[in-house]
Amino acid sequence: MAPRVIEQALGRLGKAAALDAVAKPLAKKIAALIPHGVVKDALSGTWLGHPLHPMLTDLPIGCWTNAMALDLLAGEQGRAGARFLVGMGVVTALPTAASGLADWSDTLGEERRLGFAHAAGNTVALSCYGLSWLARRKGDHRRGVALGLLGGAIATGSAYLGGHLAWRRGVNVDRHAWDHPSDKWTDVAPEDALAPGGPPIAVGVGHDQVLLVREGDGAVRALSDVCGHAGGPLHEGTIERGCVTCPWHGSVFRLDDGGVAHGPATGPQPVYEAELAAGRVSVRRH
Ligand code: FES
């Protein structure tokens with residue numbers, strides 16, 4: 001019964017268009033504050049080959065959970081340790097929040113609303129822990145513990161929303177996670193559909209859509225056309241210096257090996273081998 005009630009509440013939250021009045025301009029502002037390139041790559045986890053935010057959440061949650069254990073079980077002896085852990089949780093929550101905001105600024109619609117609620121909950125939880133640390137520092141241990149417990153309850157609810165965004169809504173899940181590629185060659189286009197240095201085309205191969213482009217030297221490059229970050233159509237992006245830039249959030253992929261030159265994508269784009277024979281182009285997945 002409980003999950004159904006939660007599911008319905010999350011469904012209503014996702015459809016609460018009134019949240020857009022704040023969430024939309026805020027997401028735009030954050031996107032403008034985090035320029036594409038080194039900063040965005042660092043916060044997205046492009047350098048790591050994995051989204052950074054889910055990893056970083058372990059730090060504040062771990063600190064605050066251990067602080068709660070000391071508060072509840074260690075008595076007076078645990079007070080100094082608990083205060084230290086509450087403070088560490090606050091400090092480590094800052095890069096965690098920055099990475100989450102970088103991810104959130106790329107979302108739209110229901111995901112943006114749910115992410116806004118997730119961020120708002122975490123902001124309140126972080127404030128509670130900040131006040132908890134201050135109260136402990138002033139010697140008001142009871143108040144510090146009460147604020148810590150309140151922060152923990154709010155952070156737990158907010159973590160549920162974060163999990164919902166990833167596991168139910170697929171935010172930041174690689175769009176190729178469930179690919180089952182065949183290694184068979186597929187005839188996809190006439191060779192003259194691809195002019196050297198000309199615009200890319202998209203062709204269907206099984207369940208995938210493939211971007212085909214012929215570089216100036218005549219080499220045919222083939223990548224999945226579905227951007228692994230959030231599904232953007234790469235053939236609508238720009239081709240420049242051996243790379244394709246996704247039209248949705250600006251991830252840049254190398255055409256020769258699908259590697260990520262710039263995020264927010266964190267995983268490489270699937271690559272296809274391309275072959276020219278008898279005036280036709282055939283591809284098969286690497
Ligand atoms: S869909 Fe986000 S960068 Fe391509």
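I count two strands as paired if DSSP finds at least two bridges between them. I kept that cut-off in mind for strands 6 and 7. Three bridges join strand 6 (residues 243-245) to strand 7 (residues 252-254), so the pair passes the cut-off of at least two. The two strands run antiparallel. I then looked up Val244 and found its bridge partner in strand 7, Phe253. I note here that the model is a predicted one.

**The sheet around them**

**The hairpin**

I moved to strand 2 (residues 201-205) and strand 3 (residues 208-214). They pair in the antiparallel sense, over five bridges. I checked Gly204 and found that Gln209 in strand 3 is its bridge partner. Strands 2 and 3 form a hairpin, with two residues between them. In the turn, Gly206 has a positive phi of about 60°.

**Helix 5**

I started with the length. Helix 5 covers residues 58-73, which is 16 residues. At 1.5 Å a residue these should span 22 Å, and the end C-alpha atoms are 22 Å apart, so the two agree.

Which residues of helix 5 are buried? I listed Pro60, Cys63, Trp64, Ala67, Leu70 and Asp71. They cover an arc of only 115° around the axis, which puts them on the same side of helix 5. On the other side I found Asp58, Leu72 and Leu73 exposed.

I then asked what covers the buried residues of helix 5. The cover includes helix 6 (79-104), helix 7 (109-137) and helix 8. Just after helix 5, I marked Gly75, which takes a positive phi of about 60°.

**Helix 8**

Helix 8 was part of that cover, and I looked at its length too. It runs over residues 141-168 and has 28 residues. From first C-alpha to last, helix 8 reaches 39 Å, close to the 40 Å expected at 1.5 Å a residue.

Methods:
Residues are numbered from 1 along each chain as its sequence is written. This is a predicted model: local features need pLDDT of at least 70, side-chain atom pairs count only at pLDDT 80 or more; totals for chains, interfaces and linings use all residues. Helices (H or I, at least four residues) and strands (E, at least two) are DSSP runs, numbered from the N terminus. The expected span of a helix is 1.5 Å times one less than its number of residues. A residue is buried if 20 or more other C-beta atoms lie within 10 Å of its own, exposed if 12 or fewer, and partly exposed in between; C-beta atoms are placed from the backbone. The arc is that of the directions from the helix axis to the C-beta atoms. Two residues are in contact if their C-beta atoms, placed from the backbone, lie within 7 Å.
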